[in-house]
Amino acid sequence: MKVLLCNPPARGPGCVVSPPLDIANLASITFEMGHKPIIEDLFIKSKTAENNLFKLFLNIIENNISETYQYLCGKRPFFLLDLCAEKIASMINEDNAEILGFTINSLQQFPYTKFFSALSIAKKLKEKNDVKIFLFGSFPPRYSAFMLKRFGIIDYVLVQDDEVSFRDLIRKIESGKNHQKITFCLREKSKVISPDKFTLGDMEDVPTPFFDKEILKYYRKLVNLVLPYEVSRGCVNNCFFCYSPLKGMGIRNKSLRKVVEDLSILSKKYKTKKFHFLDSEINFDRKYLLSFCKSLLENKLEIKWTALAIPKNLGKADIELMKEAGCVQLRFGAESGSERILARMDKNTNTKEMERILKDCKKTGIKSHLSFIVGLPEEKENDMVKTKEFVSRNHELIYSANVCPYNILKHIDLTFFSDIDNYVRNLVSKDSIKKLIKARELERYLKQFNIYSLDIIDVINQKY
Ligand code: SF4
């Protein structure tokens with residue numbers, strides 16, 4: 001059986017120039033199960049395309065959210081989008097694949113442009129060959145049934161963990177047996193069926209990712225190749241503003257043996273020493289992190305890497321060890337310089353602790369990226385003042401930073417499926433505009449100190 005795995009063109013949060021890990025994991029499983037994966041990466045092709053087709057396609061989606069939604073639900077025609085999607089779909093060589101899968105995840109985020117882009121292209125491919133379509137990308141399970149109910153184009157949605165769900169889907173298709181005890185969501189006739197419970201897999205069963213070397217050439221045209229990898233999965237926190245499907249689910253680590261083996265294989269096979277780790281936070285399990293760094297050193301992997309981290313739970317010696325083991329940058333969810341807001345978030349850290357860690361990173365030579373969030377429901381003017389004071393006190397320690405306006409990052413959320421007009425109204429409401437203005441204000445403040453938003457790939461590809 002042939003399985004097409006597609007990364008659709010997209011814009012928005014998380015869309016960095018690095019090949020998608022979820023596709024690489026599923027491609028590896030497809031081989032493992034004796035089938036052939038066909039990888040199509042329209043995201044990177046859109047970045048290197050010489051014509052404006054992809055740009056036009058994404059502009060149409062961005063400027064017509066409700067219309068695109070209605071079109072994809074089959075409730076109205078949308079000639080221009082249909083035409084663009086048809087042209088893009090014709091670029092895919094699906095090679096008679098029996099099932100076509102689309103990722104809707106970009107670095108654990110879910111921009112609606114990616115979802116619409118995937119469905120528009122899938123719709124054209126389905127019209128041509130009546131193939132089965134599945135979506136994946138560790139999407140929050142509570143939304144999966146909504147997707148199937150609203151959009152007849154989709155046949156299956158993989159749910160946590162993608163790898164467990166995918167192996168199960170392939171087995172069910174191979175056997176042709178009816179779908180009992182499923183670990184994915186599906187539509188059977190007109191009924192949507194969801195698993196009784198969601199299944200978390202064993203991290204040892206996550207395969208060594210497989211990347212298509214022909215597709216990597218497109219990435220290499222734009223940047224030095226930086227490969228994604230996951231050392232652990234999950235999160236022990238439950239920040240109310242976070243949309244990660246893994247929040248509050250605990251941490252699962254891969255064994256050190258597996259991590260070292262995978263990184264060594266990837267580094268040699270794809271000729272890169274640069275990695276970015278997708279873990280929610282690399283330092284949830286400090287003991288494991290230190291053993292991981294020691295293993296990288298003992299095994300002389302000599303890789304350079306970046307990771308997300310919580311601004312706590314890291315001593316100076318830990319940071320020095322991380323640097324020695326190849327860490328170039330840590331990206332911290334600082335969120336706010338106001339103690340009141342940090343406490344409201346249950347962030348479990350404080351500005352004093354953050355400042356100490358920033359100082360240790362600076363002394364050690366690890367670049368710190370801070371992520372701030374503004375426009376939270378209980379935020380007052382004084383909280384913004386405190387955040388600015390925090391930036392002013394620590395500007396020499398902050399290498400780069402970004403500012404997120406709360407709840408309007410154009411991610412898919414529950415309103416997106418239940419009331420699309422309300423979702424669109426929210427994006428342009430007075431309240432959202434106020435949040436955007438606040439975000440721009442803080443960005444301007446950061447710029448006064450020459451602090452800009454640089455993505456992971458920008459930073460790891462700089463000289464150090
Ligand atoms: S720590 Fe990070 S991943 Fe976990 S809930 Fe908070 S923001 Fe989300």
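Lysine 128 sits in helix α6 (helices here are DSSP runs of H or I with at least four residues, numbered from the N terminus).

A word on the model itself: it is a predicted one, where local features need pLDDT of at least 70 and side-chain atom pairs count only at pLDDT 80 or more, while totals for chains, interfaces and linings use all residues. Residue numbers start from 1 along each chain as its sequence is written.

Helix α6 also packs with α3: the two axes come within 10 Å and cross at roughly 115° (axes are lines fitted to C-alpha atoms over the stretch in contact, and angles run from 0 to 180 degrees between N-to-C directions). On the α3 side, the contact uses Leu58, Ile61 and Glu62, and on the α6 side Thr113, Phe116 and Ser117; contact here means C-beta atoms, placed from the backbone, within 7 Å. Sorted by class, that makes three nonpolar, two polar and one charged residues (Ala, Val, Leu, Ile, Met, Phe, Trp, Tyr, Cys and Pro are nonpolar, Asp, Glu, Lys and Arg charged, and the others, Gly among them, polar).

Helix α5, residues 79-89, has a buried set made up of Leu81, Cys84, Ala85, Ile88 and Ala89. These residues end up on the same side of α5 because they cover an arc of only 135° around the axis, the arc being that of the directions from the helix axis to the C-beta atoms. Over on the other side, Phe79 and Leu80 are exposed. The buried residues of α5 pack against α2 (42-48), α3 (53-63), α4 (65-72) and α6 (112-129).

Another helix pair is α11 (residues 286-298) and α12 (residues 316-324), packed at about 35° with axes 9 Å apart. Arg286, Leu290, Cys293 and Leu297 of α11 meet Asp318, Leu321, Met322 and Glu324 of α12. This contact has five nonpolar, no polar and three charged residues.

Note on methods. A residue is buried if 20 or more other C-beta atoms lie within 10 Å of its own, exposed if 12 or fewer, and partly exposed in between; C-beta atoms are placed from the backbone. Helices (H or I, at least four residues) and strands (E, at least two) are DSSP runs, numbered from the N terminus. Two residues are in contact if their C-beta atoms, placed from the backbone, lie within 7 Å.
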